[in-house]
Amino acid sequence: MKRKLSVLIISILLFTGCSTTKEPINLYYAKKEIKEYFEDSTRYWKEVWRICNEAKKYAEKNLDKSKNNIAIFDIDETSLNNLEYMKEFDFGYTQESWEAWVDSAKATAIQPVLELYLFLKEKGVKIFFITGRHESKYIKDPDPTIKNLNNVGFKNIDGVFFKPRTPKMKTSEFKSQIRKKLVEGNGYHILLNIGDQESDFWGEYPGKVFKLPNPAYMTF
Ligand SMILES: [Mg+2]
């Protein structure tokens with residue numbers, strides 16, 4: 001009888017929408033988990049190596065030398081790792097602190113992506129970086145992003161497209177516009193495109209997509 005009664009009460013609660021709701025993960029633990037994930041060779045790094053090795057295999061198989069081949073590389077959390085900045089500001093963000101970090105040119109290489117870069121260069125594929133970063137306000141020749149890329153091993157860079165400060169536009173729109181220009185204006189063939197955000201691939205001519213993990217932030 002008691003059992004029947006409790007089943008009846010639970011059914012009424014569920015039916016009337018009085019069931020308990022699940023609390024989201026506490027932000028402290030979410031940040032802790034993300035930090036640990038980015039430093040974990042068995043999770044984040046293993047996945048990045050796997051995807052880059054897949055990209056190499058794809059390039060090997062699909063490289064048509066009669067085409068003017070290029071590859072599109074994103075920069076942040078694709079070619080360069082900004083975990084030091086994220087940790088320093090506890091996953092916070094201000095335009096000022098971010099630009100100071102970019103100007104410091106202290107980001108480290110994402111090694112599997114660097115190896116993919118060197119592999120593609122050796123095959124004669126040109127690589128263009130398209131980034132939501134702006135050119136530095138204060139430091140020129142070289143721009144700190146180019147200096148940073150060079151210092152960590154991305155040598156002989158074919159081109160970096162920085163998002164202009166004006167007019168204001170979404171990073172995804174900017175990236176799409178550049179790819180369209182490269183293909184329709186310059187006659188390039190996009191062999192592959194690697195980035196850490198879904199929005200890196202929105203719009204025109206995404207090419208063959210290789211998406212790296214990034215649970216820390218999302219850009220549009
Ligand atoms: Mg990125």
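Helix α6 (residues 111-122) lies across the strands β1, β4 and β6, and runs at about 140° to β4. Helices (H or I, at least four residues) and strands (E, at least two) are DSSP runs numbered from the N terminus, while angles, from 0 to 180 degrees, are taken between the N-to-C directions of axes, which are lines fitted to C-alpha atoms, for helices over the stretch in contact. Contact between two residues requires that their C-beta atoms, placed from the backbone, lie within 7 Å. The model is a predicted one, in which local features need pLDDT of at least 70 and side-chain atom pairs count only at pLDDT 80 or more, whereas totals for chains, interfaces and linings use all residues. Residue numbers start from 1 along each chain, following its sequence as written.

The sheet to which these strands belong is open and consists of five strands in the order β5-β4-β1-β6-β7, with parallel pairing; two strands pair if DSSP finds at least two bridges between them. The edges are held by β5 (159-162) and β7 (208-211), and because each has a single partner strand, one side of each is left without a neighbour in the sheet. From one strand to the next, the twist averages 20°. In general, the strands of a sheet pair through backbone hydrogen bonds, in either a parallel or an antiparallel manner.

Strand β1 (residues 69-73) is joined to the parallel strand β4 (residues 126-131) by four bridges, and to β6, which also runs parallel to β1, by five bridges. On the β4 side, the bridge partner of F73 is F129, and I72 stands opposite F128. On the β6 side, A71 stands opposite L192.

Burial is judged from the number of other C-beta atoms, placed from the backbone, within 10 Å of a residue's own: 20 or more make it buried, 12 or fewer exposed, and counts in between partly exposed. Five of the five residues of β1 are buried, so the strand is largely enclosed by the rest of the structure. Both of its faces are covered, with N69, A71 and F73 buried on one side and I70 and I72 buried on the other.

When residues up to four places away in sequence are not counted, I70 touches V125, K126, I127, F128, L182, Y188, H189, I190 and L191.

Helix α3 (residues 44-62) lies across β6 (189-195) and β7, and runs at about 175° to β6. This helix also packs against α6, at an angle of about 10° and with the two axes 9 Å apart. The two helices are therefore roughly parallel to each other, a word that is used for angles under 35 degrees, while those over 145 count as roughly antiparallel, those from 65 to 115 as roughly perpendicular and the rest as oblique. In the contact between the helices, V48, W49, C52, A55, K56 and A59 of α3 meet P112, V113, E115, L116, F119 and L120 of α6.

The loop between β4 and α7 (144-151) contains P142, which is joined to D141 by a cis peptide bond with omega of about -5°. D141, which lies in that loop as well, has a positive phi of about 45° although it is not a glycine, and it is exposed, with 6 other C-beta atoms within 10 Å. Another cis peptide bond runs from T166 to P167, with omega near -5°, and P167 is placed in the loop between β5 and α8.

A positive phi, near 50°, is also found in D90, a residue other than glycine, located in the loop between α4 (83-88) and α5 (95-104). D90 is exposed, with 10 other C-beta atoms within 10 Å. K32, a residue of helix α2 (residues 27-38), is likewise exposed, with 11 other C-beta atoms within 10 Å. Although K32 and D90 are 58 residues apart along the chain, their C-alpha atoms are separated by 9.8 Å.
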